[in-house]
Amino acid sequence: MTETNSADIIVVGTGVIGCLIAEQLLDAGHSVLMLEAGPRVERWQIVEKYRNLPPVTVTNLDAAYPPSRWAPFLDSTSATTAADYLQLEGPNARAYRQDYVRYAGGSTWHWAGICWRLTPDDMRLKSLYGVGRDWAFDYATLEPYYTRAEYAMGVCGPSDPELQWPPIRSKPYPMGRLPFGPGEQKFTDAAARLGLKNLPSAQARNSGVSYDSRPPCCGNNSCIPVCPIGAKYDAASSLPRIEAKGGKILVNAVVYRIETGAGNQIQAVHYFDPNGQSTRVMGKLFVIACNGIETPKILLMSTDTRNPRGVANSSDQVGRNMMDQPKLVAAVMLAEPAWTGVGPVQGSSIMQTSQGDFRSEHAGALLRFNNMARSRLGAMQALKTGLVGKALDAEIRRLSACTAELTIEHELLPDPNNRLTLSSLKDALGIPKPNIYYDVGPYVRKSAEIYSTPLVKQLAHEMGATDVKVTTEFTNSDHIMGGMIMGADPTDSVVDVDCRAHDHANLFLPGGGAMTTAGCGNSTLTMAALALKAADAMVAQLAHA
Amino acid sequence: MLRQALFGIAWLAITALHAMAADADPLVVQGDYLAKASDCTACHTAPGGKAFAGGLAIASPVGTIYSSNITPSKTAGIGLYTRDQFAAALRKGVRRDGANLYPAMPYTAYAVLSDPDIDALYAYFMKGVAPVDAAPPKTSLPFPMNIRLSMMAWNLIFLRDSGLQPDPAQSAAWNRGRYLVEGAAHCSTCHTPRGFLMEERSGQAFAGGQVGAWYAPNITPDKNSGIGSWSKPTLIGYLRDGIAPAARAAGTMGEAVEHSFQYLTPSDLDAVTTYIETVPAVENANPVDRFGEGKPGSDLASMRGAVIDDASRGSVLFQGNCASCHAPLGQGGTDGYFPSLFHNSTTGAPNSNLVATILYGVNRTTAHGQAFMPGFGGAKTDSNQLSDHEIALVATYVRAEYGGSSAAVSDEDVATVRQGGPSSPLVLLARVAIGVGVVAAVGLAVILWRRRHRRDASQSQRSVQTGS
């Protein structure tokens, strides 16, 4: 075993959370070492890999990111590869096939960039509706961090409060909203006729102007799997800036153990290189920011005499309350063209359907028009018809233009039975694979049955659908939350209001795992806000040390 | 279109604020206009810094020069300058304390500024600019350039001593244009090649010069080497917006458009172009039609369908880094925001601008909106960092595919641009010359000493060993 020189702060994970924290601490004058399990690649390499994929991988949006042997993740190329890493069980195992990448820059490489905030009500489910949990603080406490996160990432959004979600803001968005493509406009108009408001999404994407030396969006419509020009914020874009500020980034360093010492302080983390050689890294403060699956996995692996259930786990809540927004999808055939695909892959959602007194009975849902271009889907479908020549051309055009997809994302409650444990199966370095039990539960099922599915059908018909098929099997939204749940009570939560582990004064576990409730919107902005709150606490803690 | 609409709103807000802040004193208003025409802010306002507070690091071929604080601060700026001291700085390159300025300050051009215009500029800098009491870093050039007295000799040779006499044979527009081009706009500072002593070379006015990382091309009316093929409206449009059919303003010219030319009145833009169309045409060696070279094309047929991320191919680097905006065949966008790469002076001319554009990008804001291209590693904070070798590969590919030239761009070419452009041989030569002088002096001393010793030896009949 080798020992490597320490830094003030050791950040495990180079995704959006790790990068935001690293930069805050560098700006405050501290030394930062970041450890990344996966490799570091240039944007153009991903872009070219993606563009050279065969069309059949169109639904396999992580194909441009092949996992490395030493840092595996779910690879959806085939049913076999998909089952290889994440071990999923329970009634809704399929709905926890979370897409994330273990690459420098993390999963914002292939996020859609959507930056919804939670609403005040989303944070008080227990007191308002008698379900789930209440957050340990209110919306007003989080609001300044939401704003900072929007400025750190460069979020565009509407200036009209009527179109903001929620319209409770201390500052305008850094950039104005992006316009709707024709399909989204059609959906917006249909919603309006039903009394529903389709809101322009807040999104970490440059609208009309540059931000942080990144260019404005020019509508390549490939946000997932990669923005080819960096108009969408991704954490990878901040890696050179972190290095320019003096931060060190070590890639292909797979952290597998957190070591505790006197007073149950964290002493070091241990990582394997791709050949299984181990190195011990010391620091003053430790941040584990490897997303909601890999972080609980490392915590559970790190058992010692002081922490027999794993680091940070005296509450037995590590790996429990795993959340996401269980998704259903409506395939819609339209009489008239919708021309999906102009602009980013997502640009709007109906949010009001996530709120209401019904939440004491069933989940709310977000409804949206999927703006991912349909030309490849249309072409593949048309090819199956056996048509040739001009008839084939015409059918490709029709299917590309006159089909659409509407998406429902449900709010899932924190449930300790939805749980990540360590599988007996090991990866190439001998590290246990994550095992997750997942059941969306009656709260979501009831919503799908009596609320969200009927609503989405109504919307489709209002758009002029000639055929609507809504899936019944829930799928993943890739918003991994809950595994290091935040709370005021150390006996039923893992981290405090600053994402500091209740059990270890110098261990921070920020990100989606710390979220107490999930809401219906994409989780990244809340994760980023929590990261900045944690960074403030870390700077204060180092100042007092 | 959306981009422009969004931008238009922001622009209106900015110009409205500007209008409110404008001083009612007509002399100050005139000075503000002249300060824009003279592009004082280009050097005297650092990025993100306060207006005219200086501190911009200017990479010159003889070392880094920091621009001075020209706010009316009495401690850090020019607040103690009298009108005549101000005039001497502008027209003679002499500071209030008598020290000489380096010709990074274009006083050889400002020498033509008229007395009334000096008065207006003085009024503006004293009354229209907010004082900033922070002193910028001091300039310390390497020996022998650190001896500011050396500039006196330089001025004797290269500084013209008087203003321009109106030429009655020419139109008022031509005379006004000459006054602006030769004076405030100081076009020759960049566009005229520099000689050994950093002076503007005579007989080569506006024939093209290297300005750090960027090349200011030939703007004489020569049909092949210059801009003789441009119509007057094209030239006016370029100066105002930075956009011509086959050229875009970037680098130092982008700054000139953003900070200076876009604010010129239509009649002054007309005057500038009237004059520049009449300067003597100069043809450069090996002229190329930089506006007409190249054609659309790509290597896609040999790339798609294969899993390729081969960094040794310029075409792969091009598709992965450039084509998402400039389009797969290099044809650019339909609305002109993303320029075509063929029929484009940046790719069609054999100078440093293609590499500089890739390294540093474009960021030019006018009433027309922002034109932005990210840099690919010129700044350490750029999100995409291409190596010298990768940029050499992609630039060679772009020049061949879209610029009509098979001349390769080397890694060294890129390294030179990355370090801010070629450095002047002046520093080295001066040091060598002085070194030679020192060696010669030492040698002479040794010879004299030997002679004396020989003489001594012969007188004392003793043999003296003279070590050498």
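Pro225(A) sits in the loop between β4 (198-200) and α7 of chain A. Helices (H or I, at least four residues) and strands (E, at least two) are DSSP runs, numbered from the N terminus. This is a predicted model, where local features need pLDDT of at least 70, side-chain atom pairs count only at pLDDT 80 or more, and totals for chains, interfaces and linings use all residues. Residues are numbered from 1 along each chain as its sequence is written, chains are lettered from A in the order in which they are written, and side-chain values use heavy atoms, with hydrogens and water left out.

**Backbone**

The peptide bond from Ile224(A) to Pro225(A) is cis, with omega near 15 degrees. Another cis bond joins Trp165(A) and Pro166(A), with omega about -20 degrees. Pro166(A) belongs to the loop between α5 (139-153) and α6 (182-193) of chain A. Most residues other than glycine have a negative phi, and most peptide bonds are trans.

The table lists Asn291(A) and His186(B).

| Residue | Phi | Relative accessible area | Place |

Buried means under 20% relative accessible area, exposed over 50%, and partly exposed in between (1.4 Å probe, protein chains only).

**A buried asparagine**

Asn371(A) lies in the loop between β11 (365-369) and α9 (375-383) of chain A. Its relative accessibility is 0%, so Asn371(A) counts as buried. The side chain of Asn371(A) reaches the backbone nitrogen of Gly341(A) at 2.9 Å. Not counting residues up to four places away in sequence, Asn371(A) touches Glu184(A), Asn221(A) and the run Thr340(A), Gly341(A), Val342(A), Gly343(A), Pro344(A), Val345(A) and Gln346(A). Contact means heavy atoms within 4.5 Å.

The size of an interface is often given as the accessible area lost when the parts come together. Chain A and chain B bury about 2600 Å² between them, 57% of it on carbon and sulfur atoms. In chain A, Trp44(A), Glu48(A) and Asn52(A) lose the most area to chain B, together 27% of what that side buries. Buried area is the accessible area (1.4 Å probe) that two parts lose on being put together, summed over both. The contact takes 29 residues from chain A and 33 residues from chain B.

One salt bridge is counted between the chains. The side chains of Glu48(A) and Arg304(B) form it, at 3.0 Å, N to O. A salt bridge needs a side-chain nitrogen of Lys or Arg within 4 Å of a carboxyl oxygen of Asp or Glu. Seven residue pairs are in polar contact between chain A and chain B (both at pLDDT 80 or more). A polar contact is a pair of N or O atoms within 3.5 Å; within protein, one must be able to donate a hydrogen and the other to accept it, and residues adjacent in sequence count only if both atoms are side-chain atoms.

The elements giving two or more residues to the chain A side are α2 (43-51) and α7 (239-244). The largest share, seven residues, comes from α2(A).

**Aromatic pairs**

The whole structure holds 20 aromatic pairs over all chains. Trp230(B) and Tyr238(B) form an edge-to-face pair, 5.3 Å centre to centre, with 70 degrees between the planes. Rings of Phe, Tyr and Trp (its six-membered ring) pair if their centres lie within 6.5 Å; planes under 30 degrees apart count as stacked, over 60 as edge-to-face and the rest as tilted. Trp230(B) is buried at 14%, and Tyr238(B) is buried at 12%.
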